[in-house]
Amino acid sequence: MKISFNINGEAQSVDVDGQTPLLWVIRDMLSLKGTKFGCGKAACGACTIHVNGEAVRSCSYAVKFAEGKEITTIEGLSEGDNMHPVQQAWIEEIVPQCGYCQPGFMMATAAMLEKIPNPTDEDIDNNIVNICRCATYYRMRKAIHRAAELKNTNT
Amino acid sequence: MTEKKTKKKGMRRRKFLKFSGVGIGLMIGGVHLTRHMWRRTIFEMAETTVPAYMGDTKQPMLWFQVSPENEIILHCSKVEMGQGTFTGLAQMAAEELEVDIDRIKVVHAATDTGNIDGMSTGGSMSIASLWKPMREMAATMREMLKAKAAEKLGIAISALTIANGVISGGGKSMTYGEVVEGVTDWEVPDVPPLKDRKDYKYIGKPVPRIDLRDKVIGAPIFGMDAEMEDMLYGSVVRSRLIGATMSNFDTSEAEKMPGVVKIINDSDFVGVVAKSYTEANNARKKIKFDYNVDKTWNLSDIEEAIQVGNGNKTVIQKEGKAVKDVDGEGEVMELEFKSPIGAHAQIEPNGALAYYKDGKVTIKMSTQVISITQKEVAKALGLKAEGVNLIPMYLGGGFGRKLHTPNAIQAAKMSKAVGKPVKCFFDRKQEFQNDTFRPPTHHIVRGKLSPEGKMVALEHNFASGDVAFNSALLPGAIKPVLGADVGAIRGGAIMYKGIENHRATYYHVDLPFATSFWRSLGLLANTFAIESFIDEMAIKAGKNPVDFRLDHLVDDGAFGTRIRNVIKACADKAGYTDKPSGNKAMGFAASIDAGSPCAQIAEVSIENGRIKVHKVVAALDCGIAVNPDQVRAQVEGCICMGISASMFEKMDLKDNKLFPIIYGPYKMALMKDSPKEIETVLVEGADFAGPVGEPPLGPIAAAIGNAVRRLTGKRLTELPLEL
């Protein structure tokens, strides 16, 4: 079936089985590789993107539900050369190790900050539940607090 | 370089390899009578020595390419899997090449470049084994550039100076990029003297990771991100059951599934090639077959097998008498410990993209064993190694999981069958059920305490399964020579040389499923057993556990001294006390792995009946920290991964099915479980850069257990730690 949506500000149409997970449409049809495959069962969060501003695990989100929606991936998180505060904070704290899961974490964090501009440690514990096998959690927590600071200063 | 020079260098290398071969041959031939001594020497070396890098470090041109824009491209034979190797090597190269680090770009060396590491990326050895060769190559390359510049500018070498990749003299100047233009012949001079440590501009500085930006913008750098034009997707059938074979494959339903291009019925595997990942996977699930099972396996069978006393016994360390033979007054204590089967659970699954064309294979993938993967694929397709060009990509986590790479062969065979590039990778269920697990362990630690509170004897008896054995990294013939699995025994020897009688005995058990390298190998479980026991002995002796440890470590000017210094630095930094304060207590533990001592103190409380780790203070002596920030990052990562492994993770086995097969049910530490405070002290107790990536995984489990003991009086003897 034909499905149309906006991704990172651009209109896109794909002709695909509606049950196909959005993840594979993004990665293999639209060739945006920043959104990662980890488990295919919405259990790790590596594929987290934004659908109409909500954090969604795209490996378990059928593409047919994306019809008419606004989708943002890690590639669309920054505005041109201006990195999103979450990305800036990630760079300041030198968070990534292998880096594979990091886009998912950054997307989850960016979505949380829209709802909770000044997250407490408890907010972070409750909302950021992705998996990082390099276990960069210590720096991530610092980066999330820093991102909130940067975002609040910018706006 | 000149022909003559190449040959000479080449010959030198061949001689060396041959010599090594003779050495192993002699050992295998069996110096049978002295084999126990031999073995123990090898095992002790394995605990403390950094093996030499196994590749060409005599030809800088294999490693460094200079672009016309005066950028240095470092073609790296070690892979980047998060450990920060690319950044550290860039720092080392920049130091001797006399260029700003921004001018250095690091890429994975494709095998076609000829720059191939004969071993693997692992064992915390990348920076350590290249510490000297990388700086020597960079310094040599600098001299080569200088010599060419002198020729081109017509100025004596002695009159030239270098600043940030620009060579100047006599009022003229040339960039490195200009120097290399048109040069095809390089003379490789003798290695010039290297910089003094006091003159370092980059080594020892917290330079940001050079892959930071790519990893923050989501650049397509990983094996999973590899693409080739017109590529297809593959999926293979893998056994859900251990100890089983599969037969009577019926692919008739799969053939009818949408998107299917071809069903592959190979002697090694059955799989599907389809137009998309989901179509390949969906079709593969329709393939029917029979399992042939000889024996039913449950976890209890494995636990029964992994027992001290079972399997092949090897004494890996022996000083003085066994505990039971030590005369004199004193109290004998014995504790038993266990650790479970652990999964790698790295987020990027194993996979490969391969394209077979005109008798040559091109592969893009993440692998820790570039050379082995290349050779395996070549063999499987009846090609010479040179017939396979492996282009390594960044790894979305390694941890030992990417030391086995059957996907590369599968993808290559599929590509040959369909005449197009095929990307073939495992799904998450396959990643879990067919992992090469961390083997379970069993330990009996025994010790004798004198009436004065001094340990007079200590022995560590332990059982485990394959780690290095049956891996592509170790020749099969070495197993009977060594007896003990060199991976499983990591951290298994007693480091307290001040205890007059100490020994370690290992029992190797064959398991009915694949086990192999898991970050830090045996270290995590072995240190848990020994350091929990030492803590218990300290309590029995009525001593502070830090002092108690120092009492039994020899200030020998070597590793004994380095361990002592790390222990003292950690205790000082944390303000260690063995008395609980409020609802919290500190637990102490230390270890030495691959020659890098590490100590950790965990500050723990019990909340709602569960263990909570609030803060960890670590001290590590890896010698020179090439990038102190990334060394700290490795320590932090090891601590949090160690918390995950020691408090949450375990695999179960029922009716030949290993499970869980998905994150979530396979419990792991998340953000909420990770300590909010981590402090790392770097004790640079040696004048070389030593191993970093695994040694900090040693102490954490025991440190947490020891804190729980102080808090509750209860001694935890099993991983994962549960109250």
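A hairpin of four residues joins strand E9 (residues 260-265) of chain B to E10(B). Helices (H or I, at least four residues) and strands (E, at least two) are DSSP runs, numbered from the N terminus. The model is predicted: local features need pLDDT of at least 70, side-chain atom pairs count only at pLDDT 80 or more, and totals for chains, interfaces and linings use all residues. Residues are numbered from 1 along each chain as its sequence is written, while chains are lettered from A and ligands numbered from 1 in the order in which they are written.

E9(B) and E10(B) pair in the antiparallel sense over five bridges. Pairing requires that DSSP find at least two bridges between two strands. Asn265(B) has Val270(B) of E10(B) as its bridge partner. E10(B) also runs antiparallel to strand E7 (residues 232-236) of chain B, joined by four bridges. Here Ser235(B) is bridged to Val272(B). Strand E10 spans residues 270-274 of chain B, and four of its five residues are buried, so the strand is largely enclosed by the rest of the structure. A residue is buried if 20 or more other C-beta atoms lie within 10 Å of its own, exposed if 12 or fewer, and partly exposed in between, with C-beta atoms placed from the backbone.

Strand E5 (residues 166-169) of chain B has alternating side chains. Ile167(B) and Gly169(B) point to one face and are buried. E5(B) pairs with strand E4 (residues 161-163) of chain B through three bridges, in the antiparallel sense. Ala163(B) lies opposite Val166(B). Two residues separate these strands in their hairpin, where Asn164(B) adopts a positive phi near 45°. E5(B) is also antiparallel to strand E6 (residues 172-175) of chain B, over four bridges. Gly169(B) is opposite Lys172(B) in that pair. The hairpin of E5(B) and E6(B) again has two residues between the strands. Gly170(B) in this hairpin has a positive phi near 55°.

Chain B is divided into domain 1 (46-209), domain 2 (223-293 + 350-425) and domain 3 (306-343 + 436-712). These bounds come from an automatic or database domain assignment. The centres of domains 1 and 3 of chain B, taken over C-alpha atoms, are 37 Å apart. Contact joins 25 residues of domain 1 of chain B to 26 residues of domain 3 of chain B; the criterion is C-beta atoms, placed from the backbone, within 7 Å. On the domain 1 side, helix H2 (35-48), helix H4 (85-97) and helix H5 (126-153) of chain B each supply at least two residues. H4(B) provides the largest share, four residues. By class, this side has 10 nonpolar, 12 polar and three charged residues. Ala, Val, Leu, Ile, Met, Phe, Trp, Tyr, Cys and Pro count as nonpolar, Asp, Glu, Lys and Arg as charged, and the others, Gly among them, as polar.

The largest nonpolar core holds 275 residues. Such a core is a set of buried Ala, Val, Leu, Ile, Met, Phe, Trp, Tyr and Cys residues joined through C-beta atoms within 7 Å. Those with the most contacts inside it include Leu89(B), Val566(B) and Ile704(B). H5(B) gives the most to this core, 13 residues. Beyond its neighbours within four places in sequence, Ile704(B) contacts residues including Gly587(B), Val613(B) and Leu721(B).

Between chains, 46 residues of chain B are in contact with 44 residues of chain A. H18(B) gives the most to the chain B side, with seven residues.

Key:
Contact = placed C-beta atoms within 7 Å.
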